Amino acid sequence: ATQKLWGGRFTNSTDHLLEKLNSSIHLDKRLYNEDIEGSKAYSRILVSSKLLSQEESDLICERLDKIKAEWMKNEFVIKDGDEDIHTANERRLKELIGDVAAKLHVGRSRNDQVITDTRLWLRNAIGILEQLLKQLIKTIVDRSFEEINIIMPGYTHLQRAQPVRWAHFLLSHAWNFKSDCDKLQHMYKTTNVMPLGSGALAGNPFYIDRIKLAQDLGFEAITQNSMQAVGDRDFIAEFLFWSSLTGIHLSRLAEDLIIFSSKEFNFVEISDSFSTGSSLMPQKRNADSLELIRGIAGSLFGQCSTLMMTLKGLPSTYNKDLQNDKDVMFSCFDKLTATLNIASGTVKTLKVNPINCKNALNFDMLATDLAYYLVHKGVPFRLAHHDAGKVVAEAEKRNILISELPLEVLQSISKHFKEDITEIWNYENSIEQYQTMGGTSRSNVMTQIDLLKKWLFAC
Ligand code: ARG
């Protein structure tokens, strides 16, 4: 027999290359806290099943706390043969209390243990991500309130479309992040379900009270099928998909700001703290923070597809392929926490240039307003759109703006054009006509700010 926890039926030792590939301790040591809390709760429930005495359980819990302290102080010594966090903690417990440690794992398998630990970990990670998203949303909301007067061109297809408030643009991103937050709440529920007590796959034969165990660990519910429970990684897949989508939202914001910070636009200036220079061109200041965010979004989706590829084709219950789940989960979490912080910092410190934003507008962007003018005079919209299009063509032919065309020319296109047409050449008025809920008018932007503030405050 070999020394391994599972070594009873083995005579020869593991090939050292397999030993290395099989080992996950360098990654899953991040689960030390969850692994210890899970073991403590399991030892308490074993008392009810009379598999441990109260004293034995107390001793186990006390020493597990000591082991936790070693991890926290970075004093835990990982030894050869510590395959993963579960074997490492158990090996250490045995060193501290001898044979009593050997009683703890009864009825439990690393299959239900690892996924319980993972769910506990992700449950906590979700809370951290929610806070970071809220910090970003708050940064955007604060700016929007301060800068509600700034107007700029809005784009579709990256072509000048209609004037909008800068705050309306900023808030468009805040709403995406709010929807990411809402999804987190749903994910918290699906994650917070306890698989412990499923054993390797068949269940637990010692009549442990799983509901009580779940309550002890703060789980809202328990899994109902042990075979499903040990092989289920849906909640991680969901998390990775969520990360990809959140990454895409971050990337969209980043891309907008990268474009707006180019000298051709010059709407915003990214602060020195979130830019870098060039080793060759002295004048350069690059928005690296935003480019990193944009780039990381791609790798988040890469991690998501990695897990999907791992899951596809696996037979039921636990298979070692699943060990890969934590690598992608941790990596997505680390990348997202970093990018969310960078995004908040970049948005908070950037400078917006109101004059350039306004100068980028021209009256051709009010061609829609010209059509709406005719609609207000009773012209059906399709005809009005057509006539306004003719106005645009006429101005283009003369190489002038539509606002520069003489009234007679306008009237030759539609008799409904009158003296009061000059009133439409006003960006503020144009923006303020979007009074319907959700539009870019001041009152609607204020409503968005109020709604988001109330939401931030309530949770
Ligand atoms: N380190 C393993 C993982 O992360 C733990 C479960 C191992 N179970 C087993 N039967 N080999 O997936």
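1. **The model.** This is a predicted model: local features need pLDDT of at least 70, side-chain atom pairs count only at pLDDT 80 or more, and totals for chains, interfaces and linings use all residues. Residue numbers start from 1 along each chain as its sequence is written.

2. **Domains.** The chain is assigned domain 1 (7–106), domain 2 (111–359) and domain 3 (363–458). Such bounds come from an automatic or database domain assignment. The centres of domain 1 and domain 2, taken over C-alpha atoms, are 32 Å apart.

3. **Where domain 1 touches domain 2.** Here 18 residues of domain 1 are in contact with 20 residues of domain 2. Contact means that the C-beta atoms of two residues, placed from the backbone, lie within 7 Å. On the domain 1 side, α2 (25–28) and α3 (32–48) are the elements that give two or more residues. The largest share, nine residues, comes from α3. Helices are DSSP runs (H or I, at least four residues), numbered from the N terminus, while strands are E runs of at least two. By class, this side of domain 1 has seven nonpolar, five polar and six charged residues. Ala, Val, Leu, Ile, Met, Phe, Trp, Tyr, Cys and Pro count as nonpolar, Asp, Glu, Lys and Arg as charged, and the others, Gly among them, as polar.

4. **The ligand shell.** Which residues are around the ligand? They are Ser24, Asp28, Asp84, Arg110, Asn111, Val114, Tyr318, Lys320, Leu322 and Gln323. A residue counts as near a molecule or strand if its C-beta atom, placed from the backbone, lies within 6 Å of it. Helix α6 (residues 110–146) gives the largest share of this shell, three residues. The shell divides into three nonpolar, three polar and four charged residues. Domain 1 and domain 2 both give residues to the shell, so the ligand lies between them.

5. **Helices α10 and α12.** Two packed helices are described by the angle between their axes and the distance between the axes. Helix α10 (residues 234–261) packs on helix α12 (residues 324–349) at about 25 degrees, with axes 10 Å apart. That makes α10 roughly parallel to α12. Angles under 35 degrees count as roughly parallel, over 145 as roughly antiparallel, 65 to 115 as roughly perpendicular and the rest as oblique. Axes are lines fitted to C-alpha atoms, for helices over the stretch in contact, and angles run from 0 to 180 degrees between N-to-C directions. α10 passes α12 in a left-handed crossing. A crossing is left-handed if the near helix is turned anticlockwise from the far one by less than a right angle, and right-handed if clockwise. The contact has 10 nonpolar, three polar and one charged residues.

6. **Helices α4 and α5.** The axes of α4 (residues 54–72) and α5 (residues 85–97) come within 10 Å and cross at roughly 115 degrees. This crossing is right-handed. On α4, the contact includes Leu59 and Arg63; on α5, it includes Asn89 and Leu93.

7. **Helices α7 and α18.** The axes of α7 (residues 166–191) and α18 (residues 442–458) come within 11 Å, crossing at roughly 30 degrees. The crossing is left-handed. Ala167, His168, Leu171, Ala174 and Lys178 of α7 meet Val445, Gln448, Leu452 and Trp455 of α18.
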